[in-house]
Each structure stands twice: as C-alpha cells, then as structure tokens.
Amino acid sequence: MAGKYKVPRGTYDILPSESYKWQFITQKFREIAHLFNYREIITPIFESSGLFERSVGGNSDIVQKEMYKFKDKKGRQFALRPEGTAPVVRSYIENSLQMQPNASKLYYIAPMFRYDRPQKGRYRQFYQYGVENIGSENPAYDAEVIAMGYIFLEKLGLQNFSLEINSIGCSNCSQDYDKALIEYFSQYEAELCKDCRNRLQKNPKRVLDCKVPTCRKIAQNAPSMLDYLDEDCQNHFEKVQKYLQEMNIPFTVNPKIVRGLDYYTQTAFEFLNNNLGAQNAVCGGGRYNGLFQQLGGQNTPAIGFAGGMERLILSMENEGLSFGEEPHPQAFVVALGDEAKEFSLSLVHKLRNEKIATDTSYEKNSLKAQMKAADKSNALYCLILGDDELKTDTVTIKNMKTGEQKQIPLATLVQAIKQRTLV
Ligand code: HAM
C-alpha cells in the first residue's frame, strides 16, 4: 500500500529490524568513550549558519553547496548542522567549559545534514559518532585520539580498514605550500575539473583530494606538504608517528589527505575501508588549533574525529560481523479463556515490575494464534494460563527452544525465570 508521502531523498527510516544494530554500535562507542574518560555533549540540531561559514570554511563544499540553510520567523539565518566540531567549540566557549572539571574530553552521537548527491554510504541526513579532545597541543593526544578510533573499529571486529595519516602543517607552513601548489596546478588548469579550477586560488589543497580521475592523475606529482612543514610541525608529526608505533597501531603516511573542512592544522587522518566503493572514509579527523580563536574564544588547541554510522554498519555487514542479539522478551504469556485473560494482565504487569521483559496478546484468543505470536516474539519462555492453572495457582512454562514444558506454582515463577532453573 503506497501512502501519500515518502521519506525525503537522501534520508531513510531506521526500521525496528535495523535499529538494534544502531543500539549495538552506539553502546560500543559509549563504552570506548568511557574507557578513555570522555563525557557526552549534546548540542542543538541547528545553529547560526555563520558558525559553520567561519569554521568549516566559506570556500568548502560543505558551506558552498551542502548546507541546509533556513530563516526563522524573525529572519535569523540558521543551518542544520553539517558536522559536530564547530557546535562543540561554540558550546565550549559559550559555557566556559575550561572552568569545569572533566569537560575537555567530549563525545557525541548525533545526526548531521549535508545536501549532497545521495549514493551508497552518502546521505543527506546521516549519523556521526565523534570525539573532541580540547586544550592541549601535546602530540600524545593526537596518538590517543587516533588510537581511540582504531580500538573502536577493531573491537567491532572490522578487519578491512586502514589508517592513513598526514600533517597539513599550520598557517605558517601553508603559505609557501599553497604557493607551490598554485604554481604546480596552474600548468594544468585547463585539464582540471570545474570545481578544482575554482578551488585553485582559494583553497589549492582541496585539489589534492578531488575524486575526478584527471585531477587525481595531475595531483599524483604535486608537491608534498611534508616537504613544507616547519620545524615545529615536523617534530609534532614525527612524535605522533612514534607514539602510534609504540602503541602498535598500523598506519601509512598519505600526504594527499587534506580533509574537506578548513579548520584543520597539523595532524589529519582517515580510517578507510576500500570495500565500500567511492564513499570509503569510515571515519576522519584531525587537529584544529586555530578554531577556538577563529570563533572568538581563547587560543585553545584541540583534536578530534568523527565517523559515519551508516558506513560503519555497511562495513560490518560486508564482513558478516555480529550486531549482538536482536532484543526479545524473556516471557510471553498465553491465556486461555476470559478469566485467564483478565488474570494475565496482572501477571504481565508483575513480571515487568520484576524486570522480566514480557509480552502477551490481549487480542488473540485461540491457543494456536497465541502460540504463533509467542513464537514470533522470539521469547525464551511461553507461560500458559488455562482453567486448570487458574484453579491450582500454577502456570505452565514452556521453553520455546527445547519445547520442554512443566507446570509450576505461580509463587515460584519469578525466581524460576530469573535463575533459569526450570526447563
Ligand atoms: P568529515 O570527514 O566531514 O569530518 O565527516 C566524518 C565522517 O562522517 C566521514 O568520514 C564519513 O564517515 C561520515 N560522513 C560524512 N558525510 C557523510 C554523508 N553525507 N553521508 C554519510 N556519512 C557521511 C567531520 O565532520 C569532522 N567534524 C570530524 C572531526 C571531528 N574533526 C575533528 N573533530
């Protein structure tokens, strides 16, 4: 049956048959975040659009093409957030979180919005899990944040992913590098795609990670950022690599990683899964030492990452990994006859109060229909109440896996289910 409305293009429903996968992954992410002593931060879904224009960058694709902008009734210009870092920085500054204990390591799991061409692994509303480590420029934190991403993917059981890291230097190194890039790419200007011709003067680094084959080919021989790092940035990058090696985290240095957001300085990294096709970045991040000042705060170095939930689920499905068990009730009550039906209401209530997940069908009457419903619910036990059970204050408990069943006193039911001592 087709209804009148459809889900907007680039969005999707997370149906009950899929939502347990989300719960599994978010639960695992929370566990890792708590393991590293990160606290959750929840910011609004929309912000002043200036926040993103100033941070993600006026020349970035996200701001130029992909932002969902709208005016509210008073004419204020807002945007659905396209990413989570700028809102976290905004909140940190606004709430003076540097004064609060345990507020420098933050994590979030939240929907983001980008008006891009939808394809496999790319949506207009997608969900990110992410972390931000705020307040230090020590490269040990770079290594720690990267390690966190690595451990998360590893703990989920993923095998087919790789870690690529780079340093994109600071504004100091960028001046000469950008000049060198403009000089190099200008020789091929006519062959570059339209986007790259636009990017060339404003943001030449972005040409390096263009996906268009001719641009990619030209970029192959472009000057490398690593040859332009100043001493501080070079030392920083060497230490990050050393610490990763010490933690046995495998990585490759890829000088072409530039990231699509303008706020990055020094370390940039991506976790890639090449089985995913074009949208192969499972997770990406980097350092952003200048962002706080850019947004009116104090000079505060920071580093973080974010990953797409959808790409993670696709990767896990590709590798046949488990998302844990689908939730199901422990008990399903089957009641035969009016009196038993009425009694089942209080029994179900009592079991739920005892933290025993229970379901029943008040609708269905016949034994067959109710047993079928019990079966579909995937409950561990079926509890049958008929005239005989009512008269003798008992209940028949059936193990739905083995088919074994037994009649036991009602008074012992809760304990029996909790201890699974019966059948
Ligand atoms: P990003 O690389 O733009 O970085 O996005 C991070 C991740 O979000 C990507 O690696 C990808 O897995 C997922 N993603 C991005 N766009 C889409 C989309 N349209 N559909 C599905 N998944 C998508 C950031 O957003 C930075 N805020 C990360 C960060 C945190 N850097 C420092 N701290």
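Me: In which sense do β12 and β13 pair, and over how many bridges?

Reply: This is a predicted model. In it, β12 (residues 331-335) and β13 pair in the parallel sense, over 3 bridges.

Me: Which residue of β13 does A331 stand opposite?

Reply: A331 stands opposite T358 in β13.

Me: What's the strand order in the sheet?

Reply: The order is β13-β12-β14-β15-β16. The sheet is open, has 5 strands, and its pairing is mixed.

Me: Which strands stand at the edges?

Reply: β13 (358-360) and β16 (405-409). Each has a single partner strand, so one side of each is left without a neighbour in the sheet.

Me: How much are neighbouring strands turned against each other?

Reply: By 30° on average, with direction ignored.

Me: And which strands does α12 touch?

Reply: Helix α12 (residues 338-353) packs on the sheet and touches β12, β13 and β14 (381-385). The direction of α12 makes about 165° with that of β12.

Me: What about α13, where does that lie?

Reply: Helix α13 (residues 367-376) lies across β12, β14 and β15 (394-399). α13 runs at about 175° to β12.

Me: Back to the strands. Are β15 and β16 parallel or antiparallel?

Reply: They pair in the antiparallel sense, over 5 bridges. V395 has I408 in β16 as its bridge partner.

Me: How many residues sit between β15 and β16 in the hairpin?

Reply: There are 5 residues between them. G403, in the turn, has a positive phi of about 85°.

Me: Switching to helices. At what angle do α5 and α9 cross?

Reply: Roughly 45°, with the axes of α5 and α9 (residues 231-246) coming within 8 Å.

Me: Now the largest nonpolar core. Which residues touch the most other members?

Reply: Y129 and F185, in a core of 62 residues. Helix α5 (residues 139-155) gives the most to this core, with 8 residues.

Me: What does the second core include?

Reply: That one is separate and has 30 residues, including M67, V88, A103 and L295.

Key:
Residues numbered from 1 in each chain as written. Predicted model: local features only at pLDDT ≥ 70, side-chain atom pairs only at ≥ 80, totals over all residues. Heavy atoms only, no water. Core = buried A, V, L, I, M, F, W, Y, C linked by side-chain atoms within 4.5 Å. Buried < 20%, exposed > 50% of the residue type's maximum accessible area, 1.4 Å probe, protein only. Helix = DSSP H or I, 4+ residues; strand = E, 2+ residues; numbered from the N terminus. Pairing = 2+ DSSP bridges. Axes fitted to C-alpha atoms, helices over the stretch in contact; angles between N-to-C directions. Contact = heavy atoms within 4.5 Å.
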